[in-house]
Amino acid sequence: MRFFLESRKFLIISFAVYILLKILFANNFISAYIQQITLFAIIMTIAALGLNVIYGYTGQFSLGHAAFYGIGAYTSAYLAKIFGIEGVFSFLPVLLISGIVAGCIGYLIGIPILRLRDDFLAIATLGFGTLVRVFLDNSDRFAEMLGGSRGFVGISKITNLELTFFSALFIVLITKNLIYSRYGLFLRCIRDDELAATSAGINTSKTKLMAFSYGCMLAGVGGALYAHLYTFLHPSNFDILKSIDFLIIVIIGGMGSIRGTIYASILWVGLIEGLRIVLPVEMLDLRWVVIPVLLIALMMWKPYGLMAKK
Amino acid sequence: MELLGYIIEQTINGLQLGAVYALIALGYTMVYGVLRLINFAHGDIFMLGAFIAYFLITKFGMPIYFVFIITMLSTGLAGYLIEKIAYKPLRHAPKISLLITAVGVSLFLEYFLSLNALFTPNYIGFPRPFEIESYNFAMFTVTNVQLLIFSITFISLFLVYLLVYRTKYGRAMRAVSYDQEVASLMGIGIDGIISFTFIVGASLAGLGGILYGIAYPQINVFMGIMPGIKSFIAAVLGGIGIVHGAVLGGFIIGLLEVFVSAFISSTFRDGLIFIILLLVLILKPSGIFGKRIEKV
């Protein structure tokens with residue numbers, strides 16, 4: 001009960017947002033395309049929140065987040081297809097399992113590589129990301145349905161506003177609770193000084209591993225929702241560029257800020273898709289010329305991110 | 001005997017690819033040494049080199065030695081400008097902002113060149129600057145392209161080795177990579193050394209770009225991504241910040257890639273390289289020539 005009281009303000013605001021979105025979504029007041037982008041922004045929030053737990057709170061620099069996002073997406077699409085799942089409620093266990101699969105793989109890969117630090121960890125996770133990409137590219141050798149480099153087609157469209165919004169709400173609440181618990185304190189302690197954390201009696205390797213698998217699990221859940229939103233998966237959606245997307249969101253939002261991650265996800269997706277709407281068709285190629293310039297300018301102006309406390 | 005010939009030929013192919021990786025890895029390792037930055041834009045400078053050479057050959061029909069000189073000068077300049085414009089203002093910012101900026105520069109270069117008004121995102125055929133000749137030996141053949149690549153690579157690697165280990169600049173570079181603050185107390189101009197490192201690294205990447213274009217005559221604005229990452233792996237493999245480590249790593253990666261494609265399957269070659277990377281990082285994180293880093 002105390003938990004709900006403490007998050008009262010947050011809950012009230014989110015229900016207001018939900019009702020607003022519901023009104024906008026009903027009667028197709030906003031176009032289907034914008035609806036899809038809105039849901040996508042919420043999904044990005046879930047996955048980016050996972051990276052924020054890994055990087056923002058625990059200080060473990062991961063460049064392979066998209067791999068776990070992809071693992072979640074493929075697991076969920078595969079399970080939903082072989083069990084013929086179409087409905088939202090029967091999809092919930094699949095969502096959970098996808099998250100758990102991504103989390104378990106994160107755990108297994110985390111055991112060896114989380115001993116590494118900084119750039120070496122970045123390179124190792126980058127390597128893992130590429131490995132997953134190669135695996136997905138060849139996945140049709142293991143199961144024809146996965147499609148390999150042709151992409152996974154014919155996924156049922158299950159993701160809707162309620163599912164996405166309440167999953168995100170639930171995950172934000174859980175993450176918030178985790179961060180403000182004793183374990184959350186351990187995480188920040190490891191980020192600030194790992195050696196000091198060890199000498200204070202924190203089992204750093206176990207704690208890092210737990211944070212890493214939790215973050216990967218969130219990526220998996222995000223991926224599962226993504227798979228059933230766009231109904232088409234391609235290995236190229238889960239490569240290094242996507243991992244960098246998540247990283248950019250965490251940095252823009254400010255490391256270790258849940259609110260920042262939420263705003264930054266919406267801002268980032270809004271910017272990428274917004275430029276698509278604003279720029280005329282013949283200028284569309286300019287989008288990826290403008291975005292890096294904005295990014296560099298932002299990094300120079302606010303190197304700690306927009307919402308960071310420093 | 002046929003198998004032996006095949007193996008020798010694949011080894012030559014592997015060395016050819018490895019030579020290009022070694023040239024890029026040198027720049028990576030030098031920049032990482034002085035700035036502790038994974039310069040994601042380095043692979044794109046390699047791409048830029050190939051495109052400048054393409055432009056010079058097709059538009060001006062320049063003789064090949066001019067192409068080499070002008071391309072290396074221009075990629076060196078590009079490296080200098082990137083450092084001055086994008087990285088220098090962030091010298092004291094958190095490292096992650098610098099990394100994001102590097103990614104930003106990389107994306108900018110790729111997508112700016114892929115604009116339809118410039119080079120378009122399609123594959124472009126790299127013009128042959130000279131006729132290919134093959135020299136047959138008892139069991140294998142070598143082309144003049146391969147000989148050119150080997151000789152240019154070995155000369156430049158030797159020059160870089162002399163530069164880093166035998167000159168005043170090289171000593172300053174090593175000092176900066178060892179400890180920036182103490183080096184500046186010893187009267188080394190840090191900014192100058194960093195710029196110099198970027199110029200040398202970028203011209204080597206540009207050189208790699210031309211050689212790659214001559215050897216594999218299909219160029220694309222996104223072609224720098226994978227070689228860039230693999231060269232960085234090569235640098236890590238040899239021990240980051242160490243010149244001969246980067247060279248050895250480059251050749252190892254090149255050979256592995258070619259052998260996996262030839263004997264196992266070309267689809268798994270990237271996967272295998274990354275498995276090796278993970279193993280190296282887990283077993284010996286400091287790389288082949290690396291000294292033991294305190295508690296990695």
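Student: Why is Thr231(A) called partly exposed?

Tutor: The relative accessible area of Thr231(A) is 24%, and since buried means under 20% and exposed over 50%, with partly exposed in between (1.4 Å probe, protein chains only), Thr231(A) counts as partly exposed. This is a predicted model, in which local features need pLDDT of at least 70 and side-chain atom pairs count only at pLDDT 80 or more, while totals for chains, interfaces and linings use all residues. Residues are numbered from 1 along each chain as its sequence is written, chains are lettered from A and ligands numbered from 1 in the order in which they are written, and side-chain values use heavy atoms, with hydrogens and water left out.

Student: What makes α4(A) and α11(A) roughly perpendicular?

Tutor: Helix α4 (residues 65-82) and helix α11 (residues 240-253) of chain A pack at about 110°, with axes 7 Å apart, where axes are lines fitted to C-alpha atoms over the stretch in contact and angles run from 0 to 180 degrees between N-to-C directions. Angles of 65 to 115 degrees count as roughly perpendicular, under 35 as roughly parallel, over 145 as roughly antiparallel and the rest as oblique, and the pair is therefore roughly perpendicular. His65(A), Ala66(A) and Tyr69(A) in α4(A) meet Lys242(A), Ser243(A) and Phe246(A) in α11(A), contact meaning heavy atoms within 4.5 Å.

Student: How do you know that the length of α7(A) agrees with its number of residues?

Tutor: The expected span is 1.5 Å times one less than the number of residues, so the 19 residues of α7(A) (161-179) should span 27 Å, and the end C-alpha atoms are 26 Å apart, which agrees. Among the buried residues of α7(A) are Leu161(A), Phe165(A) and Ile179(A).

Student: Why is Gln35(A) called buried?

Tutor: Gln35(A), in helix α3 (residues 32-57) of chain A, has a relative accessible area of 14%, and is therefore buried. Not counting residues up to four places away in sequence, Gln35(A) touches Phe25(A), Asn28(A) and Ile30(A).

Note on methods
Helix = DSSP H or I, 4+ residues; strand = E, 2+ residues; numbered from the N terminus.
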